[in-house]
Structures are given as C-alpha cells and as structure tokens.
Amino acid sequence: MSLKNKFFSVVASAAAVTAFAAFAAAQEIPAPSKENVEIQEKRMHKERGDHGKGMRGGKHGGMRGGMRGLMGIELTDAQKEQMRKVHEANKPDDATRQEMKTLMQAKRDGTITADQQERAKTLKSQARERHEAVRLQIEGILTAEQRQQLETRRQEMRQKMQERRQMRQAKPATPEKTNDN
C-alpha cells in the first residue's frame, strides 16, 4: 500500500469516526415516563432476584424479601402501611445482625467454636420464630380473598420448585473425563 493510500485511509477513517460521533450525539433521548421507569426498575429487580431494595436491611427492614410473596395481590394503602409497621417492628437490631455476620464469617473461615455454633443456632431459631410471627401478622391484615390468592400463589411456587427439582434430578450426570492415552 502506498503512502498516499495510507494517508487517505487514515483521513477517511477519521472522518467516519467523527461523523458517527456527531450522529450519535445528535440523537435526542426522550425523557422516560414515570410508568416506564417503574417497569424498568421492576424488571431490573426481577433479573437480580431481589424484588425491592435488597434481601438485607433494605426497604423492609432486613426481612428476607419483604413483601415479595405478595406481588400481584392488590393491597390498599392502609394494608401496605400496616405491613410496613409490622416489618419495622420486627426488624432485627444492628447488634444481632453484626453478631450473626461475625459468626458466619468464623464458620466460613473454619474457626468457629462450639459456643459460637450454639449461639448461631439460637439466633437462627429466633429469626425463624420472628419470621413466622411476621407471616401470621401479615396474613391477619389480608382479606379472605387476598389470603386465598396468596395460598394459590404458594401452591404454584411449590409446584414450580418441584418441577425444577425433578428436572435437575433427571439431567444425566456429566461423565468424568478420563485420560486413556
């Protein structure tokens, strides 16, 4: 390739990049509507699997998933407020959360003692009891129709979990690679 051709190739490439950049900058991006933003946020949370502000410490005070199980059930503003108060009242304190975090780190590190294991079991048991109490309080806030919808959703989720479990078990185990050289 001659020097003249190289020069024109470089100039043409530079012009193409400049034109593309000007074209891209000239594109007007319309401001998203509030409805579109909410839909995109829900989609983003669904893709991440957290359906809200996170599994821990977020919107619903550290309760696992918050009102995730109630998605699709129409709640009144009064019901939502009551549920928020229930979650807020049952939120674990920071000291307990930090203690559990420390215990789980010790378990991962392999340095957990027998006393720490007992304490972790106690904390988990208390958390389960608190979770059950919250579940009962939430169900008490719902109308009979909403409770029926909730039970239907639970049955559907159990069915899906069972189907996934069966599919995992039905998958053939990948054969181990052998070196028969």
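Author: Helix α3 (residues 77-89) and helix α5 (residues 114-141) have axes that come within 10 Å and cross at roughly 165°. This is a predicted model, where local features need pLDDT of at least 70, side-chain atom pairs count only at pLDDT 80 or more, and totals for chains, interfaces and linings use all residues. Residues are numbered from 1 along each chain as its sequence is written, and side-chain values use heavy atoms, leaving out hydrogens and water.

Reader: Why are α3 and α5 called roughly antiparallel to each other?
Author: Their axes cross at roughly 165°, and angles over 145 degrees count as roughly antiparallel, so the label applies to α3 and α5.

Reader: Which residues in α3 and α5 meet?
Author: Q79, Q82, M83, V86 and H87 in α3 meet V134, Q137, I138 and I141 in α5, with contact meaning heavy atoms within 4.5 Å. By class, that contact has 5 nonpolar, 4 polar and no charged residues.

Reader: What makes up the largest nonpolar core?
Author: Its 10 residues include M83, V86, V134, I138 and I141. A nonpolar core joins buried residues (under 20% relative accessible area) of the Ala, Val, Leu, Ile, Met, Phe, Trp, Tyr and Cys types through side-chain atoms within 4.5 Å. The largest share of this core, 3 residues, comes from α5.

Reader: How do α5 and α6 cross?
Author: The axes of α5 and helix α6 (residues 144-170) come within 9 Å and cross at roughly 130°. That makes α5 oblique to α6.

Methods. Axes fitted to C-alpha atoms, helices over the stretch in contact; angles between N-to-C directions. Helix = DSSP H or I, 4+ residues; strand = E, 2+ residues; numbered from the N terminus. Parallel < 35°, antiparallel > 145°, perpendicular 65-115°, else oblique. Nonpolar A, V, L, I, M, F, W, Y, C, P; charged D, E, K, R; others polar. Buried < 20%, exposed > 50% of the residue type's maximum accessible area, 1.4 Å probe, protein only.
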